[in-house]
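Thanks for coming. I will take one model today and go through it part by part.

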Amino acid sequence: MRDHRSLSSSVLITKRCIAFRHHYHTSQPDKSTKKPKTNEPTTTTHKVTRKPWEEIPFLTDLKQTEDTEEALSLFHHYQQTGFRHDYPSYSSLIYKLAKSRNFEAVDQILRIVRYRNVRCRESLFMGLIQHYGKTRSVDKAVDVFNRMTSFDCVRTIQSLNTLINVLVDCNELEKARSFFDGAKDMRLRLNSVSFNILIKGFLDKCDWEGACKVFDEMLETEVQPSVVTYNSLIGFLCRNDDLGKAKSLFEDMIQKRIRPNAVTFALLMRGLCCKGEYNEAKKLMFDMEYRGCKPGLVNYGVLMSDLGKRGKIDEAKVLLGEMKKRRIKPDVVIYNILVNHLCSEGRAPEAYRTLTEMQMKGCKPNAATYRMMLDGFCRIGDFDSGLNVLNAMLASRHSPTSATFVCLVSGLIKGGNLDHACFVLEVLGKKKLSFGSGPWRNLLCDLCIKDTGACCEALSEVIST
DNA sequence: CTAGGGTTAG
């Protein structure tokens, strides 16, 4: 019972935020809104630490809108009331639009930006290139890169690296290479990051030789390899069970006075774990400290996930205690390791306690945490708890996969909890999510056994949309 | 901007 409170209170908080936004919204965006009355509890409690840009009313409002259409109309509304937008306005809006994949609107705003001769920062375009990368729109990403100088923006090696990275991630290694080679013509100087990205590209294709060639090229052009360079290579070798070569690279970097960091050791530790040498890995963790490198979250993560994989979750929990003793604050990933393995072993209630614990420690669960937790409850057939997690999840603006939706609805129907099944279906409909006809048929079968009208209506409603 | 413990999607 106690566990449920923290989740439902977060629902309440969100509701308050919405109410607050509504209030703020309807008032006129002139100077009077900038300084709200002091007896308004919302504004005084919400903005204890106020960032400078939050003084700008448009940005304050924009920050609280989730819908892109709403964001756009807000933008135009401010403009009509005589508010003069400047770079912070444009860039925040563009970020928001790009994040929700509304690229037509992005272009539209960019046209205004160019028309008004607003000087743009490089980071804006880097963000855009990355967003196009996520949608695998390679050509659009290249296009942004080519056009950015026309926005009175200085292009540095950072944007080129961003583009090369997007190309590599989109499996366009040849294109990446040609931009890499074109750096000189753009009067940009390749740095270690550029090389590291290319090396990653070859390693992703399991082309060790290719990666080594780039590495040699790096040395020839006198670009110093960094820890990251070595970590990429060592990581690959450890993943592919070549610990011997990894160790010699490790020696190589020390000889070159490039200091290994916590990640380097984590990679080697993982290599050891993969070979079943957990104890050696743990020894290495103590050894690293001796070598002047403090163990961090990554290192504990390696050990904990290895224990988890082998079903020794309780030992992993012991490590959690060890971390706390050493004043290393566990983060989401560490908690997720526990939640993940607890759930897959059918220990969902325990995982749930872990989830509430992390919340109490001020560590916010993320999409993965909620997904694992919800799936975990579905797995053991505790659909009411699952529903509870779903609510918390929605309150923090995350969403389950449609497979999970199916599982949850089906379970609720079978348990005779038709009201809640309807609720979940409505959520599904609102999210405009859907799934194939197979799952629908199964749901209908479940329903037919129970046979009720209300849920049938909900079903057909979702089907029709 | 690059490496990394978990996971993760239309």
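**Notes on a predicted model**

I start with one side chain: F75 counts as buried, at 0% relative accessibility. Buried here means under 20% relative accessible area, exposed means over 50%, and partly exposed lies in between, with a 1.4 Å probe and protein chains only.

Before going on, the ground rules. This is a predicted model, in which local features need pLDDT of at least 70 and side-chain atom pairs count only at pLDDT 80 or more, while totals for chains, interfaces and linings use all residues. Residues are numbered from 1 along each chain as its sequence is written, chains are lettered from A and ligands numbered from 1 in the order in which they are written, and side-chain values use heavy atoms, with hydrogens and water left out.

Back to the aromatic side chains. F58 is buried too, with a relative accessible area of 0%. F58 and Y78 form an edge-to-face pair, 5.2 Å centre to centre with 70° between the planes. For ring pairs, the rings of Phe, Tyr and Trp (its six-membered ring) must have centres within 6.5 Å; planes under 30 degrees apart count as stacked, over 60 as edge-to-face and the rest as tilted. Because F58 lies in helix 4 and Y78 in helix 5, this pair ties together parts that are 20 residues apart in sequence. Helices here are DSSP runs of H or I, at least four residues, and strands are runs of E, at least two, numbered from the N terminus. F58 and Y78 are both buried.

How many aromatic pairs does the structure hold? The count is 13. Another of them joins F58 and F75, edge-to-face, at 6.0 Å centre to centre and 65° between the planes. That pair also links distant parts of the chain, with F58 in helix 4 (residues 57–63) and F75 in helix 5 (residues 68–80), 17 residues apart. Ring pairs join F58, F75, Y78, F83 and Y90 in a cluster.

H77 is found in helix 5 and is partly exposed, with a relative accessible area of 33%. The C-alpha atoms of H77 and F58 are 9.7 Å apart, and the two residues are separated by 19 positions along the chain. T68 is also found in helix 5, and at 12% relative accessibility T68 counts as buried. Leaving aside neighbours within four places in sequence, T68 is in contact (heavy atoms within 4.5 Å) with K96, L97, S100 and N102.

Now the backbone. Most residues other than glycine have a negative phi. R101 is not a glycine, yet has a positive phi of about 65°. R101 is found in the loop between helix 6 (87–99) and helix 7 (103–115), and at 36% relative accessibility counts as partly exposed. N171, again not a glycine, has a positive phi of about 65°. N171 is found in the loop between helix 10 and helix 11 (173–181). Is N171 buried or exposed? At 52% relative accessibility, N171 counts as exposed.

A polar side-chain atom of N196 lies 2.4 Å from a base oxygen of DNA strand B. For N366, an N or O atom of the side chain is 2.9 Å from a base nitrogen of DNA strand B, and for N336 the corresponding distance to a base nitrogen is 3.1 Å. Elements giving two or more residues to the surface near DNA strand B include helix 10 (157–169), helix 12 (192–204) and helix 20 (332–344).

Last, the whole chain. The secondary structure of chain A comes to 27 helices and zero strands. Buried residues make up 46% of the 465 residues in chain A.

Technical notes:
A polar contact is a pair of N or O atoms within 3.5 Å; within protein, one must be able to donate a hydrogen and the other to accept it, and residues adjacent in sequence count only if both atoms are side-chain atoms.
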